[in-house]
Amino acid sequence: MNTRWNLADLIDLEYLFGCDDSIRRQEGEQALVKRDRIIYLAKIAPKLKDHLNPRPQELIHRWLQVRQRNPAGNNGSTQEELLPGSVWHEVSRLLIWFALFFGIMSGLGLAGAFLVYSGKAPLNVSAFLGIFVALQLALLVLQGLFLLLRRLRRTQLQTSALYSLLMRLTAAGADWVYARARRSLHAEQRLNFAAIFGRLRSRREQAPLFVWPVFFLLQLFAIGFNLGVLGLTLAKVVFSDMAFGWQSSLQLSSQQVAEGVRLMALPWSRLLPEGLGYPSLTQVEGTQIILKDGIYHLATQDLVSWWPFLCMTLVVYGLLPRLLLLVSGLIQYRRQLDRLELRSPETRRLLQRMTTPQVETGGEGTDDLHLRRPVEIPLHEAAIEPASGEERETGTQAAAGPPFHIKRLILAPEEVLAYLDNSTLEQALQAMAGPGETRVRMLPFAVTEEQELLAQIQSEHAATLLDEIYLVQEAWMPPLQETYNLLKKLRQASDTATSLTILLVGKPMADAPLTPAQPEHADIWRKKIQALADPSLDTRSLMEAS
């Protein structure tokens, strides 16, 4: 099952995740669970018969394709919504044509200013090669040295000096904008602003992809520039009388110039030999410009022998390298998209919503948890028709998603474990995130015990015995510096590929020890945590309001 991502898809994905945040605040998490589970059962699962273990990126892309066709979801809206990915696609197409057109016009303008022949003095070949060929070669060589250095050091784009400089300048500019803007913002606006910047910084793995469009536009501009110069040069030769000669203050002999011309013409010398594709020694000697002698002693057949050489240098040293860079860049860009791993909290929640059947750990002693039992989901309510032969989720039988064997660790403070026992936390987490091997540990107060816990987490992570870490927090208590320090230590014990989720719980009641977090409290936690710019750090309510 092949799925091809592009930048427009990534932009739409982020936009739709933002829309889901609004739905979550208004209707609750269960509305998203119902919608995405129906999408999976109706549109995705029937196409996975020959792919028992699809890649998460493939599932997300198929979900995105469904949402792109119906961005409004199940709200019954029939009005077509313009997604930002479509806008990006249209703007990119316009920029491509603009870069090519502007390059052609620039080439025509510069070549037109240079190729002005009055008949009194031949056009200087040395100046033509310096302006239209040497400068392009210098830029290509400089770019090639950067690429070669990065290959030898086996570094990625993120570690290159130019990329680091651009990212630092971008970050500095964003910080300056934030510092200037926050003076006129109230507390809630500053919180939203910090969350947005944190979310953007957390997409570090996608940042290099947005460098490629600039690279492609530069190559298209250079291609257009060379086409403009080449086209005007040929037009001048065909429709007017042009004469070319050479001169230099370096006291070069005709033999040296002819040897240099022969070396430059090696790529096409077999196709266009001497005298046809480049001037011979005799023709070079016959086109040397000496100011005090004028041009009357120069032969016409020698003066016109240079234009095939000039046109071929533009093709070989100007146009072809840019075409090769464009093609190789497109290949590298496609490879990066194919290797893209979406590890954001939003994508993990989406996968859980799609592939986790809505089952309940029913039984005595769990009625106060308000955990959902498996019920039949009416597919027509989501405005998505099920595929033929689709298996519906009914009773205790559910269409299973891809087999994920998850190892989880729940860390809870002592004050939380005073009213919530281990089994209650395990059952609530499985009801929210699906089945998995779950363990509960109390957060220690002593420094030595905390270090032992972190060392154990690090060893289990290294041995691939730990996939997800959950930290239980009381939602009505705002995040403190102590919480940030603990999150930093947990992240150091694992890596950014390990899911780290804060589970928010509400104030316990006499008849219900586990209660949902207040929406306003959960929203504050979510924005505070997003400002940390950790791509694998998420904030969720352990229990949804009924």
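Modeller: Let us begin with Val91, which is partly exposed at a relative accessible area of 40%. Please bear in mind that the model is predicted.

Biologist: Why is Val91 called partly exposed?

Modeller: The relative accessible area of Val91 is 40%. Buried means under 20% and exposed means over 50%, with partly exposed in between. The value of 40% lies in between, so Val91 is called partly exposed. Val91 lies in helix H4, residues 84–114, and together with Leu82, Val87 and Leu95 it forms a nonpolar patch on the surface, with about 350 Å² of accessible area together.

Biologist: Is Pro308 buried or exposed, and how do you know?

Modeller: Pro308 has a relative accessible area of 15%. Buried means under 20%, so Pro308 is buried. Pro308 is found in helix H12, residues 307–338. Leaving aside neighbours within four places in sequence, Pro308 is in contact with Leu276 and Gly277. The C-alpha atoms of Pro308 and Tyr278 are separated by 6.5 Å, although these residues are 30 apart along the chain.

Biologist: Why is the pair of Asp20 and Arg353 called a salt bridge?

Modeller: Side chains of opposite charge can pair when their charged atoms come close. The closest N and O atoms of Asp20 and Arg353 are 3.9 Å apart. The rule asks for a distance within 4 Å, so the pair qualifies as a salt bridge. Asp20 lies in helix H1 and Arg353 in helix H13, so the pair ties together parts that are 333 residues apart in sequence. Asp20, Arg35, Asp36, Arg67 and Arg353 are linked in a network of salt bridges.

Biologist: How many salt bridges are there by this rule?

Modeller: The count comes to 14. Among them is the pair of Arg439 and Glu460, whose closest N and O atoms are 2.8 Å apart. Arg439 lies in strand S4 and Glu460 in helix H16, so this pair ties together parts that are 21 residues apart in sequence.

Note on methods. Residues are numbered from 1 along each chain as its sequence is written. This is a predicted model: local features need pLDDT of at least 70, side-chain atom pairs count only at pLDDT 80 or more; totals for chains, interfaces and linings use all residues. Side-chain values use heavy atoms; hydrogens and water are left out. Patches are made of residues with over 30% relative accessible area and no salt bridge: like charges are joined within 9 Å, nonpolar side chains (Val, Leu, Ile, Met, Phe, Trp, Tyr) within 5 Å. Accessible areas come from the Shrake-Rupley method with a 1.4 Å probe; for residues, only the protein chains shown count as cover. A salt bridge is a side-chain nitrogen of Lys or Arg within 4 Å of a carboxyl oxygen of Asp or Glu. Helices (H or I, at least four residues) and strands (E, at least two) are DSSP runs, numbered from the N terminus. Buried means under 20% relative accessible area, exposed over 50%, partly exposed in between (1.4 Å probe, protein chains only). Contact means heavy atoms within 4.5 Å.
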